[in-house]
Amino acid sequence: MRKMNPAKSFWGVLTGNVIRPSWAPLILLFALLAILSVVQFSNRPVFRAWLISGSTGPGDVAYEPKTCAGFFGAVPMRKVVMSITEFGGVGDGKTSNTETFRKAVRHMQVFGEKGGSQLNVPRGRWLTGSFNLTSNFTLFLEEGAVILGSQDPEEWPIIEPLPSYGRGRERLGGRHISLIHGDGLTNVVITGQKGTIDGQGRMWWDLWWNRTLEHTRGHLVEIMNSHNILISNLTFLNSPFWTIHPVYCSNVVIKDMTILAPLNAPNTDGIDPDSSTNVCIEDCYIESGDDLVAVKSGWDQYGIAMSRPSSNIIVRRVSGTTPTCSGVGIGSEMSGGISNVTVEDLHVWDSASGVRIKSDKGRGGYIANISFSNITMERVKIPIRFSRGSNDHPDEGWDPKAVPKVKGISISNVISLNSTKGPILEGIEDAIFEEICFKNVTLLGLAPSMTWKCEFVSGFSSQVLPMPCPHLQNNGSPSWCSHSS
C-alpha cells in the first residue's frame, strides 16, 4: 500500500485540450474536393490529416472543442493505490491471474468509503478470466500493460439474462459475463496511459461461426445499474461480443478510446449504451464488424415491460469503419424508448451505412428528438438508412401490433463521397415516422439511377442533393425543422 503517484493519476487523461477546425469551412472544402473529382480515383480517405484529426489547419483559429465530459462527476484522488503485483500477479501472458484480480478487488473494496482505491496494472501481459469491479475504484493500466481475456470459457461464468431482453441476445437462457464487469456501482474509472485490454475473441467468434455456441457471448466491458462511470485513454481489442456495454446506467463518459476488432468479427459493436441516461461518447476511433456506436433500450415485449429508456446521449468526434453496419445506429433493440440523442462530427468510411435508424414490428417503444449533424462519409454504401423487417424477436411472445413511434429526426450538414446507393428510408405500415428533417445534405458520386427510396415516412428537406423523395418535399419550412441544427 502506498501513496498516489500523481503521474499515474487518471486526471491527466480526463483533462487536456484539443484544437479542432470549425465545420463551416470544412463543408465547403469537402464539396470543392468532390467537384474537382479528386476522390474518384482514390481508395483511401481523401481528407487531409489535419481535417480529420482535429489539428490546426491552414487559416484555422484555435478554439476549445465542445465536450460532454462533465457528465462524469469529479471524484477525489484515491487514498489507497496498489499494484496487481502486490497480490501475486504475473504478467508473462501465460500464467492465469483470474483469482489474483478477483482477490485484489475484494481487498480494495473495503476502502470504498475510506477515500477509494486504485489498482495499477504495470507493463506486461496479464492473462485473466472475468472479474468484477467495486465502487469508488480506479482500474489503471500503465503504459505497456495488456490485460488478456482467458481462452477458457469456464472463466467467463454464466449470469442471468438482462430483464429488458428476457434471454441471452444470441441464445436462450443465461449469458456469459463480460471480461470486466460491474453491477450496482458508483464512481468507477477504467483508464490508464494507453494500456490495452484484449478480449482474444477469436475463440468466441469461431463458436459463433461453427454454430456451436451454447450461451450468448460476453462483452469486453459491461457496467450495469451504475452511476458516474469513466472509461478513457485505452485501447480495447478483439471483444467476443459488444465491446463496451453500459446498461441501466447514468452519467457515463467514454472518451479518447481506440476500439479495434477484425472487420469480419461478428457483432463486435464498439460502444452500445443501453437503457442509460446522460452518456457522453467523445473522441473515439473504432473499427469493428458491427456498428461503431449503437444506442439500445431493450428487446420487444421485455423492453416494453421494463420501459427503461435511453436518453440524453451525446456522440461527438467519433471516426471509423465497419463494412457490414453503420457508423451510428439507433436500435434495433429500442423497445424501452430512445430520445434526445445528439450525434455530431462523425467521420465514417468504407462502411455499409453512415447513420441508421433500426426498428421493426414487435419493438413498440419510440425514437424521438434525434439529431445528426456534421457528418462526413467516404465510400459508404448507403449513407442514410431507416431499416425494418429483420424479423429478430426473443421468442413467440412478441406482439406484431406493437409498432414503434418515430418522430423528430434531424439530419443536417452531411457530405457523402462515392456512395453506391441513395438513402433508403423504410418506415413501418401503421406506425408513425414523422417530422423527419433533412438540411444541407450533399451526396456526391451517385449514379443517376440511384434515387432516394422512401416508404411510410414524412418530413421536410432543404438544400438536399440529389433531390429527395416526395415524402420529404413538403412546402415551406415547418417550425420543427427550422430550429434543427
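Trainee: What makes E333 and K296 count as buried or exposed in this model?

Mentor: This is a predicted model, and the label rests on relative accessible area, with under 20% counting as buried. Both E333 and K296 are buried by that rule.

Trainee: Why is the contact between E333 and K296 called a salt bridge?

Mentor: The closest N and O atoms of E333 and K296 are 2.7 Å apart. The cut-off is 4 Å between a side-chain nitrogen of Lys or Arg and a carboxyl oxygen of Asp or Glu, so a lysine and a glutamate at that distance qualify. The pair also links distant parts of the chain, 37 residues apart: E333 lies in the loop between β22 and β23, and K296 in the loop between β20 and α6.

Trainee: How do you know that E282 and R317 form a salt bridge?

Mentor: Their closest N and O atoms are 3.9 Å apart, and the limit is within 4 Å, so the pair is counted. E282 sits in strand β19 and R317 in strand β21, 35 residues apart. Both residues are buried.

Trainee: What makes K66 and E344 a pair that links distant parts of the chain?

Mentor: Start with the contact: K66 forms a salt bridge with E344, with the closest N and O atoms 3.1 Å apart. K66 is in the loop between α3 and β1, while E344 is in strand β23, 278 residues apart.

Trainee: Why is E344 called buried?

Mentor: Its relative accessible area is 8%.

Trainee: Which residues are linked with K66 and E344 in a network of salt bridges?

Mentor: The network joins K66 and E344 with E282, D283, R316 and R317. In total, the count comes to 20 salt bridges.

Trainee: What lines the largest cavity?

Mentor: One cavity of 30 Å³ or more turns up in the whole structure, and the largest cavity has a volume of about 100 Å³. Of its 13 lining residues, the closest to the centre are L162, R169, R175, T216 and H219. The lining divides into four nonpolar, five polar and four charged residues.

Technical notes
Residues are numbered from 1 along each chain as its sequence is written. This is a predicted model: local features need pLDDT of at least 70, side-chain atom pairs count only at pLDDT 80 or more; totals for chains, interfaces and linings use all residues. Side-chain values use heavy atoms; hydrogens and water are left out. Helices (H or I, at least four residues) and strands (E, at least two) are DSSP runs, numbered from the N terminus. Buried means under 20% relative accessible area, exposed over 50%, partly exposed in between (1.4 Å probe, protein chains only). On a 1 Å grid over the protein atoms alone, a cavity is a set of points where a 1.4 Å probe fits but cannot get out, and a pocket is an open set with protein on both sides within 12 Å along at least five of seven lines; lining residues have an atom within 4 Å of a point. Grid points are joined across faces, edges and corners, and a volume is the space filled by probe spheres set on the points. Ala, Val, Leu, Ile, Met, Phe, Trp, Tyr, Cys and Pro count as nonpolar, Asp, Glu, Lys and Arg as charged, and the others, Gly among them, as polar.
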